[in-house]
Amino acid sequence: MLFDTHAHLYDEKFQYDRDEMIRNVLETVEHVVVPGEDAATSAQALELCAKYPALRCAVGVHPHLAEQMTEDDFAQIRHWAETEEAVVAIGEIGLDYYYDNSPREIQREVFRRFVRLGKELDLPIVIHDRDAHGDVLAILKEERDPNLRGILHCYSGSYEMAVELIALGFYISFAGPVVFPKSTKLKEVAARLPLERLLIETDSPYLTPPPFRGRRNDPSRVYYVAEELARLHDKPVEEVIALTTANAKTIYQMTN
């Protein structure tokens, strides 16, 4: 069974058929982790987990929304992380220097606070990194700790960076872009990394892989990411599915 490690199932693109979509997804996908982007969407993720036991969630603040985070938001997210069994990680957190929707200094401050929260609570962190590779890696190195671990979601960095991240305790997650025909550099990175540290995701409803480009993405299509990794590593797709599912359960500390 597949494991989609990152899908925004509360997104408005699912508003008309969310329950039907989730029921269909769970026919082929064992678990989906739903990451929050702020306090409100973290609450929505928790509501979905309460309704569907196969779902898990992460709670955090996306770098786009870092400037809007209040102390009450941080306290609420901390409370959920401490008390809700469905919470398996802190996230989606990180840095985004492509859009710069929040000032970079505030992004870095909020990111570091959540990194430290993950260490304190012994939870993995789920990192969004867009055009901010240097600062993401620098902060993680500065915060190095036995409890520091997590996932670089929708990985877009270099092979060398991935090796450093793995040494720090991180798993590397690939999404639809690794399937895109023109993503030659990303495919080269994915082919060189050990399958024992790779994860698969959809980032639904975004980043739909071929042959469904132009349509809304959903977690059932995580299969096509597994299929591409299998091709790149010259392995049976069933082996890649089994291994990435086991990897996801390991980093999220899930026993079933």
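## Strand 3 and its neighbours

In strand 3 (residues 55-59), L55 is the bridge partner of V32, and the pairing of strand 2 (residues 29-35) with strand 3 runs in the parallel sense over four bridges; two strands count as paired if DSSP finds at least two bridges between them. Helices (H or I, at least four residues) and strands (E, at least two) are DSSP runs, numbered from the N terminus. The model is predicted, so that local features need pLDDT of at least 70 and side-chain atom pairs count only at pLDDT 80 or more, while totals for chains, interfaces and linings use all residues. Residues are numbered from 1 along each chain as its sequence is written, and side-chain values use heavy atoms, with hydrogens and water left out.

On the side of strand 4 (residues 87-96), strand 3 again pairs in the parallel sense, over three bridges, and A58 stands opposite A89 of strand 4. Five of the five residues of strand 3 are buried, so the strand is largely enclosed by the rest of the structure; buried means under 20% relative accessible area, exposed over 50% and partly exposed in between, with a 1.4 Å probe and protein chains only. In a regular strand the side chains alternate between the two faces of the sheet. Both faces of strand 3 are covered, with L55, C57 and V59 buried on one side and R56 and A58 buried on the other.

## Strand 2 and the crossovers

Strand 2 is mostly covered, since six of its seven residues are buried. Strand 1 (2-4) pairs with strand 2 in the parallel sense over three bridges, and V32 is the bridge partner of D4 in strand 2. From strand 1 the chain crosses through helix 1 (residues 18-25) to strand 2 in a right-handed β-α-β crossover, where right-handed means that, with the strands pointing away from the viewer, the path from the first strand over the helix to the second runs clockwise. Strand 2, helix 2 (residues 39-51) and strand 3 likewise make a right-handed β-α-β unit.

## Helix 8

Helix 8 (residues 222-233) has 12 residues, which at 1.5 Å a residue should span 16 Å, and its end C-alpha atoms lie 17 Å apart, which agrees; the expected span is 1.5 Å times one less than the number of residues. The buried residues of this helix are V222, V225, A226, E228, L229, A230 and H233. These buried residues pack against strand 1 (2-4), strand 7 (170-174), helix 7 (184-192), strand 8 (198-200) and helix 9 (237-251), where contact means heavy atoms within 4.5 Å. Just after helix 8, D234 takes a positive phi of about 55°.

## Two buried loop residues

R149 is found in the loop between helix 5 (133-142) and strand 6 (150-152), and it is buried, with a relative accessible area of 15%. The side chains of R149 and D122 are joined by a polar contact of 2.8 Å, a polar contact being a pair of N or O atoms within 3.5 Å in which, within protein, one must be able to donate a hydrogen and the other to accept it, and residues adjacent in sequence count only if both atoms are side-chain atoms. The side chain of R149 also reaches the backbone oxygen of N147 at 3.1 Å. Leaving out residues up to four places away in sequence, R149 touches D122, L123, P124, I125, G169, F170, I251 and Q253.

N217 has its place in the loop between strand 8 and helix 8, and N217 is buried, with a relative accessible area of 0%. A polar atom of the side chain of N217 lies 3.5 Å from the backbone oxygen of L207. Not counting residues up to four places away in sequence, the residues that N217 touches include F14, T202, Y206 and L207.

## The chain as a whole

The chain has nine helices and eight strands. Its radius of gyration is 17 Å, close to the 18 Å that the globule rule gives for 256 residues, so the chain is as compact as a globular protein of that length; the radius is taken over C-alpha atoms, and the rule is 2.2 Å times the number of residues to the power 0.38.

Along its principal axes the C-alpha trace spans about 45 × 40 × 35 Å, and 57% of the 256 residues count as buried. Among contacts between residues at least 6 apart in sequence, 72% join residues at least 24 apart.
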